[in-house]
Amino acid sequence: MIKESSSTEWLEKSTALIRFSKEEMQNLIVALVIAEKSAETMSNYEYEICFRNLRNDIIKIKNDLIKKEESYEEETLKAR
């Protein structure tokens, strides 16, 4: 049997560049809420925390993207 901590150790050492649209991010956030609640129901605290942290990170990325788009639109309007 593989220890759970060693089976996910490679995740701590890996990074990836992934592109999502805002709509895909919103769908991913909903899926992570469902996964988080499922882990909570099954009393799997480790996964619950992982899903919550990932959801919060994606929400922050989505909000930053929206702010950047709004800022770009304001700059474009001022330039006209």
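Entry 1: I am working on a predicted model. I began with Glu40, which is partly exposed at a relative accessible area of 40%. Its partner is Lys37, and the two side chains meet in a salt bridge, 3.6 Å from N to O. That is inside the cut-off of 4 Å. Lys37 is partly exposed too, with a relative accessible area of 45%. Both residues sit in helix 3, three residues apart, which puts about one helical turn between them.

**Entry 2: a network.** Next I looked for salt bridges with shared partners. They join Glu36, Glu48, Arg52 and Arg55 into one network. I then ran the search over the whole structure, and it returned six salt bridges.

**Entry 3: Arg52 and Glu36.** The side chains of Arg52 and Glu36 form a salt bridge, at 3.0 Å from N to O. Arg52 belongs to helix 4 and Glu36 to helix 3, so this pair ties together parts that are 16 residues apart in sequence. Arg52 is partly exposed, at 26%.

**Entry 4: Lys22 and Glu69.** I checked another salt bridge, between Lys22 and Glu69. The closest N and O atoms are 2.8 Å apart. This pair links distant parts of the chain, with Lys22 in helix 3, Glu69 in helix 4, and 47 residues from one to the other. I looked up the accessibility of both. Lys22 has a relative accessible area of 34% and counts as partly exposed. Glu69 is also partly exposed, at 33%.

**Entry 5: how the helices pack.** At what angle do helix 3 and helix 4 pack? I read about 160°, with the axes 9 Å apart. Helix 3 is therefore roughly antiparallel to helix 4, since the angle is over the 145 degrees that this label needs. I noted the crossing of the two helices as left-handed.

**Entry 6: length and buried side of helix 4.** Helix 4 covers residues 45-79, which is 35 residues, and at 1.5 Å a residue it should span 51 Å. Its end C-alpha atoms are 51 Å apart, so the model agrees with the expectation. Which residues of helix 4 are buried? I listed Glu48, Arg55, Ile58 and Lys62. These buried residues pack against helix 3, residues 22-41.

**Entry 7: Lys62 and Glu23.** I followed Lys62 across to Glu23. The two are 39 residues apart in sequence, and their C-alpha atoms are 9.6 Å apart in space. Glu23 lies in helix 3. Lys62 is among the buried residues of helix 4, whereas Glu23 is exposed, with a relative accessible area of 61%.

**Entry 8: the loop.** I finished between the helices. Ser43 is placed in the loop between helix 3 and helix 4. Its phi is positive, about 55°, although Ser43 is not a glycine. Ser43 is exposed, with a relative accessible area of 66%.

Key:
Residues are numbered from 1 along each chain as its sequence is written. This is a predicted model: local features need pLDDT of at least 70, side-chain atom pairs count only at pLDDT 80 or more; totals for chains, interfaces and linings use all residues. Side-chain values use heavy atoms; hydrogens and water are left out. Helices (H or I, at least four residues) and strands (E, at least two) are DSSP runs, numbered from the N terminus. The expected span of a helix is 1.5 Å times one less than its number of residues. Buried means under 20% relative accessible area, exposed over 50%, partly exposed in between (1.4 Å probe, protein chains only). Contact means heavy atoms within 4.5 Å. Axes are lines fitted to C-alpha atoms, for helices over the stretch in contact, and angles run from 0 to 180 degrees between N-to-C directions. Angles under 35 degrees count as roughly parallel, over 145 as roughly antiparallel, 65 to 115 as roughly perpendicular and the rest as oblique. A crossing is left-handed if the near helix is turned anticlockwise from the far one by less than a right angle, and right-handed if clockwise.
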